[in-house]
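Subject: Structure for your review

Dear colleague,

Please find below the structure I am handing over to you. My notes on what was found in it follow.

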Amino acid sequence: TEYKNLGFDIQDYPESYRQYVNEITLPLHTLLTDDDVNYVTETMKGILQGLNIINKIEPHDIVFKHIFDTDHDDIRAIYSIIKDCGEKMFLEDGLLHWADPLPIEAIREMCLNESAYLALYEGLPVAFFSVSSKPSIYFEPRGKAEYINRIAVSPELWRKGIGTRCMKEIESLAKKNNSEKIQSIVYAKSSVAKS
């Protein structure tokens, strides 16, 4: 803050900025009590154990749950995943899909009008996707198809193969529905994107 007040911009110092965004500052001062220290320590241990779980995720450990408009807790989980994604797109293995922010009511309506699935790892929600057999205005119908409308993966789990696992589940659903193909929208920003 002091350097900022002197007119410096951290963006002009990419190495310092990279250090800053990867830094964790723990509470540390002379007035910390033993209870405070124990609280900080236990909290940090919990975070690291959570990261260990994330690093252990294997795509075959993911299970999928069909979500309905009355599944309030699961709808809140979908909302949380989308909110964490912000307006970012999800990119993995050449697939680039919108993870656009949606209010809870829109998610509930999506679950009513489309097939929505929540991906779970050890009971925890890690991703979701929605598909439909009816094309929206964004799709040009080409035979009997399964249309992917959204895929979103919790940001801390990107590049863990979960998106690919979602695609395999969509392929499985398409086969069950006797769809001839899967259609979606991918974007030119992905040089290896395939439709």
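A residue is called exposed here when its relative accessible area is over 50%, and buried when that area is under 20%. Because E122 has a relative accessible area of 61%, E122 is exposed. Please note that the model is a predicted one.

E122 is found in the loop between strand 4 and strand 5. Although E122 is not a glycine, its phi is positive, at about 50°. A second residue of this kind is N178, which is not a glycine either and has a positive phi of about 55°. N178 lies in the loop between helix 6 and strand 7, and it counts as exposed, at 59% relative accessibility.

An open sheet is formed by 5 strands in the order 1-4-5-6-7, with mixed pairing. Its edges are strand 1 (63–67) and strand 7 (181–183), each of which pairs on one side only. On average, neighbouring strands of this sheet are turned by 35° against each other, direction ignored. Strand 5 (residues 124–132) and strand 6 (residues 145–153) run antiparallel and are joined by 6 bridges. Within this pair, A127 of strand 5 stands opposite V153 in strand 6.

The helices on the sheet

Helix 4 (residues 72–85) packs on the sheet, where it touches strand 1, strand 4 (115–121), strand 5 and strand 6. The direction of helix 4 makes about 95° with that of strand 5. Helix 6 (residues 162–176) lies across strand 1, strand 4, strand 5, strand 6 and strand 7, and runs at about 40° to strand 5.

Helix 6 has 15 residues, and from its first C-alpha to its last it reaches 21 Å, close to the 21 Å expected at 1.5 Å a residue. The buried residues in helix 6 include I162, C166, I170 and L173, and R165 and E169 are also among them.

Confidence

The protein has an average pLDDT of 79, and 78% of the residues score at least 70. Confidence is highest in strand 1, at a mean of 95, and lowest in strand 2 (residues 89–92), at a mean of 50. Over residues 91–96 the pLDDT stays under 50, and the model has 25 contacts beyond four places in sequence for this stretch. Residues 188–195 also have a pLDDT below 50, with 11 contacts in the model beyond near neighbours in sequence. Where pLDDT is low, the predicted coordinates should not be read in detail.

With kind regards

Conventions:
Residues numbered from 1 in each chain as written. Predicted model: local features only at pLDDT ≥ 70, side-chain atom pairs only at ≥ 80, totals over all residues. Heavy atoms only, no water. Pairing = 2+ DSSP bridges. Helix = DSSP H or I, 4+ residues; strand = E, 2+ residues; numbered from the N terminus. Axes fitted to C-alpha atoms, helices over the stretch in contact; angles between N-to-C directions. Contact = heavy atoms within 4.5 Å. pLDDT = per-residue confidence, 0-100. Expected span 1.5 Å × (residues − 1). Buried < 20%, exposed > 50% of the residue type's maximum accessible area, 1.4 Å probe, protein only.
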